Amino acid sequence: MKKQTAAAVTNAINDKSEEARKDALFELRSMKKDLAQLEKELSSKKCVIEDPAFDLVHSAFEIFRHTQVMTENRKLTVQIDDSLEKASFKDYLDSKGARILKKPEGWHWISPQGEMHYLGEAGDTQAAAEKLESLISKRKKPAAKKPAAKKAAPKKEAAPKEEAKVEDKK
C-alpha cells in the first residue's frame, strides 16, 4: 500500500515537473523573440525602443520560477524514494521478528534457537536489515549445501568411467 501511494504521489510530482519544464521552454522561446526584437531595434539607426526590458525581466523570472519548481520536485522524489527504502528495511526487520530494544539499545533479533543477535543502531535500519539477512542466510546455507554435495559426488564418479570407455576403444 505504501508503494502504491508513493508511486501516485511521485507520478503527480513528475507531472507537475513536466508542466513546469514546458512552461519554462515557452518562456525561453518568448525571451528569444524579445531579445531578437531588442537587438533589431538597437541596431537600427532610429533606435526606438518599445520597452521590451519588462518582458525580458519577466521572462527571466518565469524561467527561474519554473526551473526552481523542477529542482524542488526532484528533491522531493529523491526524499520519497529514500523514505520508501527505509520503510522497506523496517518492514523486513519487523517481518523477521527483529525489534528495537532500549536496553541493550538498538535492533536485536532472537533466533529460533534462543540466541539474541545485535543487528545495529536504532537509526540505521539498512545496516540492521543487511546483518539480519546475512544471519538468516548463514543458517540456511549449510542445510542447502549437504544435498547438493551428495548429488555432485555421483557425477564425479561417472566422469572417470566415460574416460575409461574411450581409452578401451583405442
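H2 has 43 residues and reaches 63 Å from its first C-alpha to its last, close to the 63 Å expected at 1.5 Å a residue. This is a predicted model: local features need pLDDT of at least 70, side-chain atom pairs count only at pLDDT 80 or more, and totals for chains, interfaces and linings use all residues. Residues are numbered from 1 along each chain as its sequence is written, and side-chain values use heavy atoms, without hydrogens and water.

User: Why are S2 and S3 called paired?
Analyst: Strands are DSSP runs (E) of at least two residues. Two strands pair if DSSP finds at least two bridges between them. Four bridges join S2 (residues 106–110) to S3, so the two count as paired. In S3, His 117 is the bridge partner of Trp 109.

User: What makes S1 and S3 edge strands?
Analyst: The open sheet has the order S1-S2-S3, with antiparallel pairing. Strand S1 (99–101) and strand S3 (116–120) each pair on one side only.

User: Why is the largest core called nonpolar?
Analyst: A nonpolar core is a set of buried (under 20% relative accessible area, 1.4 Å probe, protein chains only) Ala, Val, Leu, Ile, Met, Phe, Trp, Tyr and Cys residues, joined through side-chain atoms within 4.5 Å. The largest has 11 residues, including Phe 89, Trp 109 and Leu 132. H3 gives the most, with five residues.

Conventions
Buried < 20%, exposed > 50% of the residue type's maximum accessible area, 1.4 Å probe, protein only. Expected span 1.5 Å × (residues − 1).
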